[in-house]
Amino acid sequence: MNKETIEQLIKSLKKNRIEAIHFPSKKELVDYFIDNLKPNLTVGTGDSLTLEQIGLFDLLRKSNINFLDKYKKDITKAEKAKLYRDNFSSDIFLSGINAITLEGKIFNLDGNGSRVAPIIYGPKKVLLICGTNKIVQNDDEAISRIKNIAAPIDAKRLNKKTPCTKTGKCEDCKSPDKICNYYTIIQGQFDQERIKVLLLDGEYGF
Ligand code: SF4
């Protein structure tokens with residue numbers, strides 16, 4: 001991604017009271033986390049292939065913090081439900097995103113809301129990690145990216161019985177398995193220090 005595009009995005013986000021930091025490499029992003037994961041912090045995460053690809057889940061497991069690990073082996077349904085509620089009082093909540101526009105808006109889609117809800121309210125800080133492949137021009141492109149790329153891939157990954165898993169694009173289904181239940185657009189915040197975007201050069205997630 002060229003420098004001008006990144007600068008334009010950072011500027012637009014800033015106008016919406018959202019700070020963004022650009023990381024040219026995965027190593028620099030990981031180092032940022034190593035510097036900021038202070039002992040005893042409680043850290044929650046949303047489902048995110050991006051975080052997995054960067055190795056952040058493993059880093060969190062090895063760190064001296066209280067990691068609300070939804071991927072813990074043999075976690076029960078009840079434990080997971082509690083963990084989702086605990087995310088709301090975490091010190092830091094980490095998540096990927098589905099698209100970000102050059103106008104400075106952050107788009108997310110969620111099936112049960114456990115990812116988008118704590119991004120919007122609850123945790124003291126929210127860090128959104130975004131590969132530059134998620135950058136689009138405007139709202140229409142963001143929705144199109146979600147409908148034609150992100151959601152069908154995610155539905156397939158989750159073994160959902162939805163038409164998009166066969167056609168590779170959104171068919172506006174009404175299936176009980178539909179993962180597109182909650183769309184959110186973040187276009188500002190009262191507390192300028194709360195949500196921060198970490199932009200990472202390269203293709204991460206989908
Ligand atoms: S609305 Fe249905 S068909 Fe469209 S992307 Fe979501 S799950 Fe797939």
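Arg-157 counts as partly exposed, at 43% relative accessibility. The model in which this residue is described is predicted.

Arg-157 forms a salt bridge with Asp-47, and the closest N and O atoms of this pair are 3.5 Å apart. Because Arg-157 belongs to helix 7 (residues 139–157) and Asp-47 to the loop between strand 2 (42–45) and helix 3 (49–54), the pair ties together parts that are 110 residues apart in sequence. Asp-47 also counts as partly exposed, with a relative accessibility of 29%.

A salt bridge also joins Arg-157 to Asp-154, with the closest N and O atoms 2.8 Å apart. These two residues are three positions apart in helix 7, so about one helical turn separates Arg-157 from Asp-154. Asp-154 has a relative accessibility of 19% and counts as buried, because the cut-off for that class is under 20%.

## The salt-bridge network

Which residues are linked with Arg-157 in a network of salt bridges? The network consists of Asp-47, Lys-70, Asp-154 and Arg-157.

## A pair at the surface

Lys-73 forms a salt bridge with Asp-74, the closest N and O atoms lying 4.0 Å apart. Are the two partners buried or exposed? Lys-73 is exposed, with a relative accessible area of 73%, and Asp-74 is exposed as well, at 65%.

## Total for the structure

A search of the whole predicted structure finds 14 salt bridges. Among them are the pairs Arg-157 with Asp-47, Arg-157 with Asp-154 and Lys-73 with Asp-74.

How values were computed: Residues are numbered from 1 along each chain as its sequence is written. This is a predicted model: local features need pLDDT of at least 70, side-chain atom pairs count only at pLDDT 80 or more; totals for chains, interfaces and linings use all residues. Side-chain values use heavy atoms; hydrogens and water are left out. A salt bridge is a side-chain nitrogen of Lys or Arg within 4 Å of a carboxyl oxygen of Asp or Glu. Helices (H or I, at least four residues) and strands (E, at least two) are DSSP runs, numbered from the N terminus. Buried means under 20% relative accessible area, exposed over 50%, partly exposed in between (1.4 Å probe, protein chains only).
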